[in-house]
Structure formats: C-alpha cells, structure tokens
Amino acid sequence: MGKLKELGLEESNLVFGFDDFILLPSYISIEPSDISLNTKFSLNNDLNVPFVSSPMDTVTEAEMAITLARNGGIGVIHRNCSIEEQLAQVKRVKRAESFIIKDVVTINPEATVGEAAKIMEEHGISGLPVVDESNKLVGIITGRDVRFASYELKVKDAMTKDVIVADESITPEESIDLMRKYRIEKLPVVDKDGKLIGLITYKDVSHRGMYKDAVRDKMGRLKVAAAISPFDLERALALEKYVDALVIDVAHFHNENVISATKKLTEQVSCDVVIGNLGSREGIIDSISKIDKVAGLRVGIGGGSVCTTTQITRAGSPTLYAVAVARECLDELGMDIPIIADGGIRNAGDIALAIAFGASSAMMGYMFAGCKESPAPLMMLGGRYYKLHRGMGSLSARQKRLSVDRYAKLPKEIPEGTEAWIPYKGEASNVIKELASALRAAMGYAGARNIKELQTKAKVKRVSPSAFSRASDLLFPGESR
Ligand code: XMP
C-alpha cells in the first residue's frame with residue numbers, strides 16, 4: 001500500500017515536505033553496515049547507491065559524473081552548453097576507465113618515430129598500436145621505443161613486432177593476468193582476421209578494482225546520463241549512442257507540446273528516457289498513458305535549494321508529496337517505473353523518507369554543488385572557501401540561452417531561480433560515502449535491509465511541532481546568543 005493511503009492522506013488537500021514526517025524505529029535482523037543500497041535509476045540502469053547529481057551547470061559535468069558512477073550513483077550532465085560540449089563531457093565519462101577502448105589512436109608503419117612521438121604527446125598516451133591500410137595490427141610502438149630511437153626512423157623499424165593480443169571475449173581479470181605475465185601495459189584486441197578492434201590498458205583495468213561499487217555499462221565503461229530538451233531531437237540523437245539514459249529536463253512536463261515532443265523523441269532513441277519534472281496525479285497518469293517508453297519519473301517541482309518558482313508563482317509540488325503521488329499512480333496502474341525524488345534534499349534522512357514514500361533514488365544539486373568536482377568557481381570569502389551554485393532558471397544561467405526552454409515561453413522571461421555561495425565541501429566521494437553511511441543508519445532504525453524493504457515496509461508518522469524540542473540553554477558550534 002502506498003504511503004498516501006496508509007496515512008489516510010489520499011483525499012486530503014494537504015501537501016507536505018520532508019520535515020513533516022519521521023521514520024518509526026522497527027526491528028532489523030542485520031547490522032546497518034550489511035544493508036544493501038542497490039536500486040534503480042531507470043528501468044535499465046541499476047545503481048549501487050541511490051544518489052544522482054542534478055543536471056545543473058554548477059553541479060554536473062564529466063568530473064562529477066565520473067565520481068558519482070565510480071561510487072555507485074549516476075550523474076546527469078547538464079544541457080546549458082552546445083551539443084558538442086555536452087557530448088564531449090559524456091565521452092570523457094565513457095573514456096574515464098573503459099575496459100576495452102574502442103576509438104584507439106593508431107599509427108601507420110610507414111610513419112616516422114618523430115610523428116609517433118608527436119601523436120603520443122598530443123593525446124597524452126604512452127603507446128600506439130601500428131596498423132596497415134586494412135587496419136591489420138602489425139606491431140606496437142611505445143614511449144620507450146620512441147625515447148631511444150632516431151626520430152627519422154620509420155615506425156616499422158622501431159616497433160615491437162611480436163605483439164601479445166587478446167580477442168573480444170577476454171574478461172578484465174584475464175587481461176590483467178595476461179599483462180602481468182608478459183609485463184606489458186597495453187593489450188591490443190583483434191578480430192579473427194587480426195584487425196584491430198580495441199585496446200586494453202593496464203592502467204584502466206587496474207583502476208576498476210579500486211572502485212568496487214562502480215556502475216558500468218556492458219562494455220565496462222562508467223554509466224552516465226544526460227539532460228535534454230524534448231524539442232532538441234538533434235541533441236538526443238547525438239547523445240543516445242553514448243549515454244545510458246536521457247533525462248527530459250523541463251520544469252513542468254505536464255504540457256501538451258512537451259508530452260507530444262517527448263513521445264516522438266522516445267520513438268527515435270534506444271536508450272532509457274526519464275521524464276519530468278512531474279508533481280501531480282493527472283500529470284503522471286497523462287504522461288505515462290501517452291508515452292510508451294517511460295523508463296523513469298523525475299518528480300518534485302519548486303522544492304530545489306535555488307528555486308524561486310514557488311515564491312514567484314505560488315505553484316509547485318513539494319518533492320516528498322510528489323513522490324507519494326507518483327507511487328500511488330504507479331501502484332494503481334500496476335507499473336513499476338523508478339521514481340527519482342528531485343529537489344530540496346539536505347541529508348540522508350530526507351533520502352530515506354523519499355524512498356520510504358516510494359522513490360528509488362534521489363537527485364541532488366545542493367548536496368554536490370559545494371564539492372571539488374562541481375564545474376563552479378571556487379571563491380575565498382571572509383577566510384573561507386565557497387563554490388557558486390545557481391538555479392537553471394536564474395538570470396545568469398539563462399544568459400547562456402541554451403537551456404532557457406526548461407521554463408515557460410513568455411513575452412518577458414521571469415527568473416525562477418537564484419544563485420548562492422555554498423561552503424566548499426572537498427571531494428564528492430566523501431560526501432557520497434557519508435550519505436551512504438547515514439542512509440544505512442536510517443534504514444537500520446527503520447528496519448529495512450534493502451531499498452525494496454524501505455519502500456514497502458517502513459512505517460512513517462507525522463511530526464508535531466513540539467515532537468523534538470531540544471534543551472534551549474545549549475550553545476551549539478556556529479550559534480551565537
Ligand atoms: P537541490 O535542492 O538539490 O535541487 O539543489 C536540485 C533541483 O532543483 C531544480 N532546479 C530548479 N528549480 N528553478 C527551479 O524552480 C531553478 O532555477 C532550478 N534549477 C534547478 C532541478 O530539478 C534540480 O535537480
């Protein structure tokens with residue numbers, strides 16, 4: 001049973017937020033450290049922690065998405081940039097530690113050693129497979145070969161000809177064994193005719209062991225999602241070959257034009273498409289019934305840290321309420337599409353509540369904006385470091401014009417977001433680890449051994465204003481009297 005029904009709020013005219021509820025303690029048979037945080041971002045994308053970074057231009061570009069994926073979550077690359085720039089960010093994530101590199105930089109045997117050295121320097125790589133005109137592998141030339149040879153020499157006279165190779169069925173573990181056995185750092189992958197189809201590097205494969213929670217695609221590359229406008233089919237088609245999911249990024253999805261454009265778009269791309277933002281029963285049912293291939297629901301309107309939508313328009317749907325409504329709709333329809341709680345999340349307790357109300361993951365801007373990996377300027381203010389965070393509807397974000405269609409087209413644009421300085425938090429991996437630990441602690445109290453149990457079994461209650469009053473004579477750090 002969904003939380004609205006369970007709490008008798010189905011017919012109520014009340015909307016609510018995170019501070020209105022609390023998880024009740026319940027029996028658990030395991031220790032919090034053994035609790036599983038495995039979940040889904042979208043129908044075909046599993047996560048190891050339920051954390052997603054927002055598609056905002058002060059939150060998610062490649063660096064943030066790499067950290068999220070290495071630590072079990074996923075980043076959604078923002079769209080306030082050209083198609084080429086967004087694609088480049090996505091490709092950086094995919095290249096970060098791919099198991100078999102597909103777009104291998106190669107050289108011809110007739111080229112000179114000097115040319116090989118130049119290519120290696122330009123691409124920041126330490127070796128090149130040598131291929132003939134038919135792409136057949138004939139050797140490999142490494143930094144070591146180049147360093148001790150004359151630059152006028154032909155590559156074919158300086159390269160190693162006896163190359164250890166692998167075929168495409170090799171596993172990461174087997175490739176490590178092979179490279180260790182032959183003390184090599186690069187392992188070309190060839191097809192049955194000896195043609196080069198990829199390259200495995202020791203650095204990339206050994207990195208994999210460092211991130212046990214990483215979420216990867218079938219080719220062993222880190223997963224990543226990208227935000228798009230429903231009206232930008234060109235962008236969607238350019239990105240879909242590389243991303244694991246596309247996220248429709250509009251402030252108000254329940255709009256005739258948005259729904260029909262998204263419907264057309266989903267018919268032309270093959271990856272998962274997450275729709276949003278949604279916040280009402282009618283909106284959710286209408287969207288799901290009109291669009292066949294919905295792989296995820298991003299819900300919550302106006303609840304974000306730098307949103308001014310609700311102040312300016314008095315319209316919105318608080319995130320926790322939106323999650324509860326979405327869960328209710330999906331239960332009624334007998335569907336199980338992952339729900340992403342988006343906006344206003346300040347701590348792991350908020351995430352636990354969102355999941356208890358039916359979400360599968362939480363999308364966060366504020367929580368990650370202050371991290372080293374966010375693409376925002378770092379500033380020293382009054383002896384402390386801060387990072388800039390801005391709403392995608394803020395005046396300064398809109399000046400770039402590239403994601404301005406997130407909001408309604410009006411004769412005069414109304415800013416629906418603001419900017420703020422956020423205290424610098426250091427590395428996002430630490431934020432993720434702390435969030436994961438605190439979420440496990442919350443689940444431990446709530447008696448949930450995994451995300452499914454938190455969604456289905458956790459008990460929540462309304463909180464009265466005096467429920468948690470604390471001693472008033474204590475002076476906490478940072479407070480003054
Ligand atoms: P948090 O609270 O995690 O929220 O920073 C992130 C979410 O806020 C949304 N967003 C906006 N909403 N005006 C809005 O009304 C804006 O300018 C704006 N910018 C971002 C977005 O859903 C994001 O994931």
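How many salt bridges does a search of the whole structure find? I ran the search and got 27 salt bridges. I am keeping in mind that this is a predicted model.

**Entry 1: Glu168 and Lys102**

I picked out one pair to begin with. The side chains of Glu168 and Lys102 form a salt bridge, with 2.6 Å from N to O. Glu168 sits in the loop between helix H6 (155–158) and helix H7 (172–182), while Lys102 sits in the loop between helix H3 (83–96) and helix H4 (113–123), so this pair ties together parts that are 66 residues apart in sequence. I then looked up how open the two residues are. Glu168 is partly exposed, at a relative accessible area of 45%, and Lys102 is partly exposed too, at 39%.

**Entry 2: Asp249 and Arg298**

Next I turned to Asp249 and Arg298, whose side chains meet in a salt bridge at 3.0 Å, N to O. I found Asp249 in the loop between strand S11 (245–248) and helix H10 (256–268), and Arg298 in strand S13 (residues 296–299), so the pair ties together parts that are 49 residues apart in sequence. Are these two buried or exposed? Asp249 is buried, with a relative accessible area of 2%, and Arg298 is buried as well, with 3%.

I also checked which partners they are linked with. Asp249 and Arg298 belong to a network of salt bridges that includes Arg79, Asp342, Asp405 and Arg406.

**Entry 3: Glu453 and Lys457**

Glu453 and Lys457 both lie in helix H18 (residues 451–457), four residues apart, which is about one turn of the helix. Their side chains meet in a salt bridge of 3.8 Å, N to O. Glu453 counts as buried, at 11% relative accessibility.

**Entry 4: strand S11**

What covers its faces? I noted that both faces are covered: Ala245 and Val247 on one side, and Leu246 and Ile248 on the other, are all buried.

Which strands pair with S11? Strand S10 (residues 225–228) runs parallel to S11 and is joined to it by four bridges; Ala225 has Ala245 as its bridge partner. From S10 the chain crosses through helix H9 (residues 233–239) to S11, in a right-handed β-α-β crossover.

Strand S12 (residues 272–278) also pairs with S11 in the parallel sense, over three bridges, and Ala245 stands opposite Asp272 there. I noted that S11, H10 and S12 make a right-handed β-α-β unit.

Key. Residues numbered from 1 in each chain as written. Predicted model: local features only at pLDDT ≥ 70, side-chain atom pairs only at ≥ 80, totals over all residues. Heavy atoms only, no water. Salt bridge = Lys/Arg side-chain N within 4 Å of Asp/Glu carboxyl O. Helix = DSSP H or I, 4+ residues; strand = E, 2+ residues; numbered from the N terminus. Buried < 20%, exposed > 50% of the residue type's maximum accessible area, 1.4 Å probe, protein only. Pairing = 2+ DSSP bridges. Right-handed = clockwise from strand over helix to strand, strands pointing away.
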